[in-house]
Amino acid sequence: DAVNHVLQVSAGLDSLVMGEGQILAQVKSVFQVGQDAPGFGRTLNGLFKQAIQAGKRVRAETGIAKGAVSVSSAAAELAQMKLPSKRFSDAKVCIIGAGTMSRLLVKHLVSKGCTDMTIVNRSYPRVEELQADFPDANITAKLSPDLMECVEASDVIFAASSSEDILISKADVEKMAAPSDAVGGVRRFFDISVPRNIARDITELEAGHCYNVDDLKEVVDANKEARMEAAREAMGVLEEERQAFEAWHESLASVPVIKRLRAKAEQIRSSELEKAMSKLGDGLTKKQRKTLEEMSRAICNKLTHGPMQALRADGTDLEAIEEMLQSMRTIEKIYGLQPNMEEIAAEKAAQKRAKQA
C-alpha cells in the first residue's frame, strides 16, 4: 500500500542502487515543499516524518549503506577492483566534467585513497569549487581543448559530463601510447554519463577497456548477499515504523470523540444550569449566579476529566494506542457519542477547509 511504498522508497529499497542516500534527501525535499502545498495535511505530514525517520534508521541499523550506494560510488569501487594492485596510488586519474556526478566521484575516490586527479571541464569555476571543497585532494584543472592530452596522460578515466556526444572514440585511444605496466598496460574508461560519452568499442583495443552504467552490475553482484541480508533487516525496521505510523494515525480518531464529549457535557451543563436558575427565580444576586456558573463548570470538568484522559495516548506507544481505542469505543457507547450524518458532513467540511487553509 501507499504507506509501505513511501517507507521503502525512503529506505532506498526501491532504488536502482539499493540504499542510495540521494533518495532520502529527495524525500526530505518533497516533505519541505509539501508544507506549502494544498492538501498536504496532518496525515501526509505525519507519514513523511515517519518515512524520513525510517530512512535514517535503516541506514544506521543495517548494512544497506555499506559498499556502493550510488552510481558514482559504484564506479569508483569498480575502478579500484579492476586495477591490478587494487590501489589508486599506482594510477593516474582523470575526470571529465565537474557537475554533481563528478563531485560525488571525487568524494568517493578520496575515501578510497585517490588524492591525485585531473578534472577536465569547459570552464574553471566549477573545478575551482571542487578544489576548495576537497582540500585533501590534489586536483589539477584543465579545459576541454586539453581533453585528449589529459586522457593520454591518465590510466583511469571517468566520464561524468553533461555532453550529449561521444567525446572519446576508439580511433582517439588507438593513437595514444599504452599505459604503464603498473596498471596492466590497459587504459580503463568508466562512463557514467547519460547519454554515453565514451565509445563502447574502445574495449576492442588491447590497451583499452570501457565500462558503463550496465557494468556496475558487477559491483552490485559482488555485494548481493550482504545487501539482501541488509534488506531483510531493513524490512523489520520498516515494519516497526509502519506500525508506529498507523498507531499515530489511529490515535487521531480520538480527536472528534473528545470534541463530541466536550460538546455534550457543555450542552448538559448549560441546560441544567438554566433550569436551576429558572427555579431559583430573579432574586439571585450577580455573585450568586457567578458562583452557580463556576460550580457547574467545575462539576462538569471533574466528571469529564477521567474520560478525557482515557482518550489521550502517546502516539509512539502501540499498547497505549490500543487501550485508548478500546476506551474510545466504550465512551462512545456509554455517552451516545456516535456521530449522526449531519455531524459527519460537518466534520468532513471542516477537514476540507483546514486542508485548503
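Two strands count as paired if DSSP finds at least two bridges between them.

Before I go on, the housekeeping. This is a predicted model, so local features need pLDDT of at least 70 and side-chain atom pairs count only at pLDDT 80 or more, while totals for chains, interfaces and linings use all residues. Residues are numbered from 1 along each chain as its sequence is written, and side-chain values use heavy atoms, with hydrogens and water left out.

So, the strands. Strand S1 covers residues 93-96, and four bridges join it to S2, with the two running parallel.

How do we get from one strand to the next? S1, helix H5 (residues 100-111) and S2 make a right-handed β-α-β unit. Right-handed means that, with the strands pointing away from the viewer, the path from the first strand over the helix to the second runs clockwise. S2, helix H6 (residues 125-133) and S3 also make a right-handed β-α-β unit.

Is S2 enclosed or open? Five of the six residues of S2 (residues 116-121) are buried, so this strand is largely enclosed by the rest of the structure. Buried here means under 20% relative accessible area, exposed means over 50%, and partly exposed is in between (1.4 Å probe, protein chains only).

Next up, salt bridges. That's a side-chain nitrogen of Lys or Arg within 4 Å of a carboxyl oxygen of Asp or Glu. How many salt bridges does that rule give? The count comes to 17.

Arg57 forms one with Glu61, and their closest N and O atoms are 2.9 Å apart. Both residues sit in helix H3 (residues 42-61), four residues apart, or about one turn of the helix. Arg57 counts as partly exposed at 21% relative accessibility, and Glu61 does as well, at 47%.

The second one joins Arg242 and Glu239, at 2.5 Å from N to O. They're three residues apart in helix H10 (residues 224-251), so about one helical turn separates them. Here's the general idea: an α-helix has 3.6 residues a turn, so residues three or four places apart point the same way. Arg242 is buried, with a relative accessible area of 17%, whereas Glu239 is partly exposed at 31%.

Arg269 is buried at 8%, while Glu293 is partly exposed at 26%. And there's a network as well: salt bridges with shared partners join Arg57, Glu61, Glu240 and Glu241.

Last stop, H11 itself. This helix (residues 254-280) has 27 residues and reaches 39 Å from its first C-alpha to its last, close to the 39 Å expected at 1.5 Å a residue. That expected span is 1.5 Å times one less than the number of residues. Its buried residues include Val257, Leu261, Ala265, Arg269 and Leu273. Just after H11, Gly281 takes a positive phi of about 85°.

That's it from me, thanks!
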